[in-house]
Amino acid sequence: MKYGIATLDDVEVGGKVVLCRVDINSPLDREHCGLRDTTRLQGCAPTVAELAERGARVVLLAHQGGDLEYHNYASTEPHAAVMAELIGRPVAFIDDVVGPAARARIGALKDGEVLLLDNVRFLAEELTLFETKLHLTAEQQSQCLTVRKLAPLGHIYVCDAFAAAHRSQPSLVGFEQVLPSAMGRLFEREYSALSHLREEPDRPCVFVLGGAKIQEAFPMMAAALRDGVVDTVLAAGLVANVMLVAQGVNLGAPSMDVVKANQLERFVDESRSILAEHGEKIVLPVDLAYAKDGVRAEVPVGDLPVDEPIVDIGHKTVEAFRRIIAAAGTVFVNGPAGVFERPESEFGTRSIWRAMADAPGYTAIGGGDSTAAMNAFGLGGRFSYVCTAGGAMVQFLSGKPMPVVEALRSAAARMGLAAGPRV
Ligand code: 3PG
């Protein structure tokens with residue numbers, strides 16, 4: 001038991017049907033029907049391998065894409081071959097989730113065999129829109145089709161989908177209501193690394209917040225400042241732009257339009273109150289880069305506005321950020337400093353990422369764009385911790401409740417695991 005949740009050490013899985021929810025939602029290469037990045041599969045492969053090696057009949061449930069911001073809503077078929085390679089044993093796939101074919105195939109599984117079901121989000125009840133419209137309780141989720149059809153075939157539920165732990169959907173919180181349940185090894189690792197970051201970071205603790213998803217960055221920044229988790233915030237990307245606007249800086253029409261077009265004005269107001277309360281902990285850029293006809297140019301913040309969109313932080317800012325990162329006990333980065341996919345605007349992100357890779361402190365990186373940048377710069381393996389989650393990590397670091405964590409805890413309590421028996 002860890003964090004009030006059962007681990008794989010608490011359950012006997014040999015000869016049992018284990019329904020294992022993983023998050024292998026990955027960038028797709030549609031042209032070649034393959035996966036462009038397999039980080040998440042690598043993350044949960046140890047759990048799948050361990051279950052199979054211990055003689056479980058493993059049924060993998062997963063989603064690919066979704067209804068909110070993803071355009072990669074697709075079958076999980078390509079994931080089966082990748083997983084098979086990672087765990088060194090066959091992984092069967094069936095293009096069904098809860099229908100008679102899937103159930104018959106589950107019933108025919110032998111000890112040590114692994115079966116991947118198709119995308120659970122092919123069922124409407126697994127959609128995030130369903131979740132955010134209906135607000136079902138975990139108990140109600142257990143009455144949904146996925147759980148009603150599959151739970152009777154399973155003996156144990158294992159959740160290794162930390163990256164989806166912020167979701168309240170049947171395959172994530174429903175099974176815990178009716179089956180003995182545990183977290184997988186990846187879930188355990190992510191939980192422990194993020195708890196360390198939130199509860200006992202080595203000081204000074206620095207957050208580098210950039211990227212375009214400022215709807216996520218702001219609550220995380222506000223909570224980390226409020227709770228005393230972070231000593232210094234280095235603001236980059238759109239986060240910095242919005243904070244500069246809050247200080248009365250006119251960035252120039254193209255960048256101001258981005259703020260308006262994405263309805264980010266409310267974050268300008270929020271920035272004002274964050275800066276008023278915690279201004280001494282926030283470091284904003286002193287210079288920025290813009291691109292004209294694909295050529296990079298830099299401008300001190302005092303000389304703004306410019307007529308081109310801002311695409312990166314400038315050299316002086318990078319230098320200042322580098323010094324702070326080198327002296328930090330902990331550095332966490334979420335969101336690139338600029339448009340790192342283009343040569344004229346990759347400098348800021350590349351330099352900050354390299355500074356973190358060389359830093360003596362504990363370094364953590366999370367979010368899809370941030371890890372993509374890490375891989376693009378060849379810095380994989382140079383950070384202390386790479387989180388496979390995006391939204392879930394942000395929610396955890398914002399101190400908000402995680403439905404899957406709560407469901408796993410209530411399952412452990414029902415299993416009477418405080419007393420220590422293996423089920
Ligand atoms: C993610 O990519 O963050 C997870 O797979 C969860 O996906 P979702 O945000 O579509 O629920």
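Is the crossing of helix 9 and helix 12 left-handed or right-handed? The crossing is left-handed. The close-ups below start there. The model is predicted: local features need pLDDT of at least 70, side-chain atom pairs count only at pLDDT 80 or more, and totals for chains, interfaces and linings use all residues. Residues are numbered from 1 along each chain as its sequence is written, and side-chain values use heavy atoms, with hydrogens and water left out.

**View 1. Helix 9 beside helix 12.**
Helices (H or I, at least four residues) and strands (E, at least two) are DSSP runs numbered from the N terminus. The axes of helix 9 (residues 214-226) and helix 12 come within 11 Å and cross at roughly 20°. Axes are lines fitted to C-alpha atoms, for helices over the stretch in contact, and angles run from 0 to 180 degrees between N-to-C directions. Helix 9 and helix 12 are therefore roughly parallel. (Angles under 35 degrees count as roughly parallel, over 145 as roughly antiparallel, 65 to 115 as roughly perpendicular and the rest as oblique.) The crossing is left-handed; that term applies if the near helix is turned anticlockwise from the far one by less than a right angle, and right-handed if clockwise. Helix 9 makes the contact through Ile214, Gln215, Phe218, Met221, Ala222, Leu225 and Arg226, and helix 12 through Arg266, Phe267, Glu270, Ser271, Ile274 and His278. Contact means heavy atoms within 4.5 Å. By class, this contact of helix 9 with helix 12 has seven nonpolar, three polar and three charged residues. (Ala, Val, Leu, Ile, Met, Phe, Trp, Tyr, Cys and Pro count as nonpolar, Asp, Glu, Lys and Arg as charged, and the others, Gly among them, as polar.)

**View 2. Helix 10 across helix 12.**
The axes of helix 10 and helix 12 (residues 265-278) come within 8 Å and cross at roughly 75°. That makes helix 10 roughly perpendicular to helix 12. Val242, Met243, Val245 and Ala246 in helix 10 meet residues of helix 12, including Phe267, Ser271 and Ile274. The contact divides into eight nonpolar, one polar and one charged.

**View 3. Helix 13 beside helix 14.**
The axes of helix 13 (residues 315-326) and helix 14 (residues 347-358) come within 10 Å and cross at roughly 15°. The two helices are therefore roughly parallel to each other. Helix 13 passes helix 14 in a right-handed crossing. Among the residues in contact are Phe321 and Arg322 of helix 13, and Phe347 and Gly348 of helix 14.

**View 4. The second largest pocket.**
About 440 Å³ of space lies in the second largest pocket. Of its 25 lining residues, the closest to its centre are Gly211, Ala212, Gly237, Leu238 and Val339. A pocket is an open set of points on a 1 Å grid over the protein atoms alone, where a 1.4 Å probe fits, with protein on both sides within 12 Å along at least five of seven lines; lining residues have an atom within 4 Å of a point. Grid points are joined across faces, edges and corners, and the volume is the space filled by probe spheres set on the points. Helix 10 (237-246), helix 11 (253-261) and strand 14 (310-313) each supply at least two lining residues. The lining divides into 15 nonpolar, seven polar and three charged residues.

**View 5. Two cis peptide bonds.**
A cis peptide bond joins Arg203 and Pro204, with omega about -10°. Pro204 is in the loop between helix 8 (185-199) and strand 9 (205-209). Another cis peptide bond joins Leu304 and Pro305, with omega about 15°.
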